[in-house]
Amino acid sequence: MSDKRQFFGTDGVRAVANRHPMTPEFVLRLGQAAAAVLGNRSEGGERPRCIIGRDTRASGEMLEAALIAGLNSAGVDVVLAGMVPTPTVAMLSAQTGASFGVVVSASHNPFQDNGIKFVHGNGRKLNDKTEIAIEQIVLGNTQEAARPEGRNIGRVSRMTDAVERYVAHAVASMGGTRLDGMRVALDNAHGAAAYTSALALEQLGADVQVFHSEPDGFNINEECGCTHSEELERLVRQSQAQAGIAHDGDADRIALCDEEAIALDGDELMAIAAESMLRKGTLKQNTLAVTIMSNYGLDDLVSRRGGRVIRTNVGDRYVLEEMHSRDLNLGGEQSGHIIFGDWATTGDGLIAGLQVLKIMKETGEPLSQLRKCLKKFPQAARNLRVRSKPPITELADAQKIIKETEKKLGDYGRVLLRYSGTESLIRLLIEGRDVEYLEAQADKIASAILAQIG
């Protein structure tokens with residue numbers, strides 16, 4: 001069996017909708033294969049049950065229908081949660097005893113794209129081994145999924161209170177802290193958060209100014225959401241808010257903006273949370289889990305407060321695996337996937353946002369002050385479009401410059417080069433203390449890469 005995944009990337013299977021592998025035919029097969037790997041019958045012998053949620057993309061209807069057909073044909077009952085954030089499906093899977101959950105979403109990608117991502121019945125993401133097992137069935141390399149007949153074919157039902165259950169869970173995460181008197185600018189990216197985040201904030205007493213919350217199937221993430229921090233900054237200025245929150249299409253990510261209309265990244269959010277939790281003694285093992293992309297300023301801050309930082313490969317599922325294996329309750333990515341493990345089994349943009357607003361309330365400090373706890377090492381980053389993805393070790397000219405750069409940086413910096421798991425991009429990051437040197441070396445390495453595969 002191959003140990004390399006063909007279709008799954010860093011977060012599920014993703015492609016242009018109606019183009020392989022995001023066609024109804026492929027998704028039907030994917031549903032059947034997932035049923036074979038994940039669809040365990042309950043102890044009472046009932047049929048496996050799967051919860052499906054989706055974001056607001058027009059193509060979600062077509063792909064959800066294909067997924068239902070695949071799952072039902074393999075004897076899995078499907079419960080449709082409707083248009084809800086990814087963390088809602090994770091939460092509902094765990095709460096209701098489902099065999100597994102599926103989300104039809106391409107997260108922050110444009111509306112033309114779509115994707116399929118799975119969670120186990122405990123709400124956790126799949127590991128590489130499980131994804132490979134599903135792929136092997138899709139490719140016909142291992143046993144076919146069962147094809148039951150008669151009364152054993154799966155059925156479909158709808159969950160009518162999925163939104164209410166998720167919102168109640170998010171509100172409960174505040175432990176009684178209210179947000180009365182706090183004005184929040186909310187950018188829902190015309191995505192799944194349009195049905196959930198404002199409800200939770202309003203229940204907590206916040207004055208919510210809602211933007212980009214009219215999904216039409218085609219405007220998801222369009223010049224808005226957490227990948228457009230400049231828009232969130234504009235909305236905070238416009239509404240004179242004390243904080244701004246922006247989600248991506250499936251609301252498993254968050255961007256925050258302070259009252260001075262300056263956006264924060266995921267590292268700053270984790271710094272604020274880690275410092276608060278270390279102070280209260282609620283950070284399990286005194287340890288924060290982050291990816292190799294996070295700024296080394298985090299290590300500096302956490303170690304000075306008596307904790308430590310551990311690093312994983314890029315992708316929130318690798319952070320989640322590490323959190324689970326070490327029994328940790330805080331981790332995340334610079335990109336805004338933040339996992340508060342006491343309340344979520346996956347990145348959850350709403351719960352992450354609420355936890356930071358809670359710290360603002362508890363300390364009486366504005367975000368512009370709280371963010372100062374993190375003193376970042378300077379970084380130079382490049383995202384380069386490529387026509388192919390040969391092994392990074394084969395980028396000979398770039399590797400030569402990288403080795404020179406690493407030697408010069410020594411223990412006070414690093415060079416990271418990796419391909420995007422979802423796009424035709426290679427990502428370069430250099431971190432150190434001399435900004436001019438970092439930028440110059442980033443340009444040299446980028447030029448060498450583009451000359452070879454640009």
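What share of the contacts in the protein chain with a separation of 6 or more comes from residues 24 or more positions apart? The figure is 72%. Keep in mind, as you look around, that this is a predicted model.

**Overall dimensions**
- The radius of gyration of the protein chain is 22 Å, which agrees with the value near 22 Å that a compact globule of 454 residues would have.

**Burial and surface**
- Of the 454 residues in the protein chain, 58% are buried.
- The accessible surface of the protein chain is about 18,600 Å², and carbon and sulfur atoms contribute 47% of that area.

**Charge**
- The protein chain carries 52 positive side chains and 60 negative ones.
- Between the centres of these two sets there is a distance of 3 Å.

**A look at Asn 109**
- Asn 109 sits in the loop that runs between strand S5 (100-104) and strand S6 (113-120).
- Is Asn 109 buried or exposed? Asn 109 has a relative accessible area of 5%, and buried means under 20%, so Asn 109 counts as buried.
- Leaving aside residues up to four places away in sequence, Asn 109 touches Arg 14, Arg 57 and Asn 221.

How values were computed. Residues are numbered from 1 along each chain as its sequence is written. This is a predicted model: local features need pLDDT of at least 70, side-chain atom pairs count only at pLDDT 80 or more; totals for chains, interfaces and linings use all residues. Side-chain values use heavy atoms; hydrogens and water are left out. Helices (H or I, at least four residues) and strands (E, at least two) are DSSP runs, numbered from the N terminus. Buried means under 20% relative accessible area, exposed over 50%, partly exposed in between (1.4 Å probe, protein chains only). Contact means heavy atoms within 4.5 Å. The radius of gyration is taken over C-alpha atoms; the globule rule is 2.2 Å times the number of residues to the power 0.38. Accessible areas come from the Shrake-Rupley method with a 1.4 Å probe; for residues, only the protein chains shown count as cover. Lys and Arg count as positive and Asp and Glu as negative; His and the chain ends are not counted. The place of a charge is taken as NZ of Lys, CZ of Arg, CG of Asp or CD of Glu.
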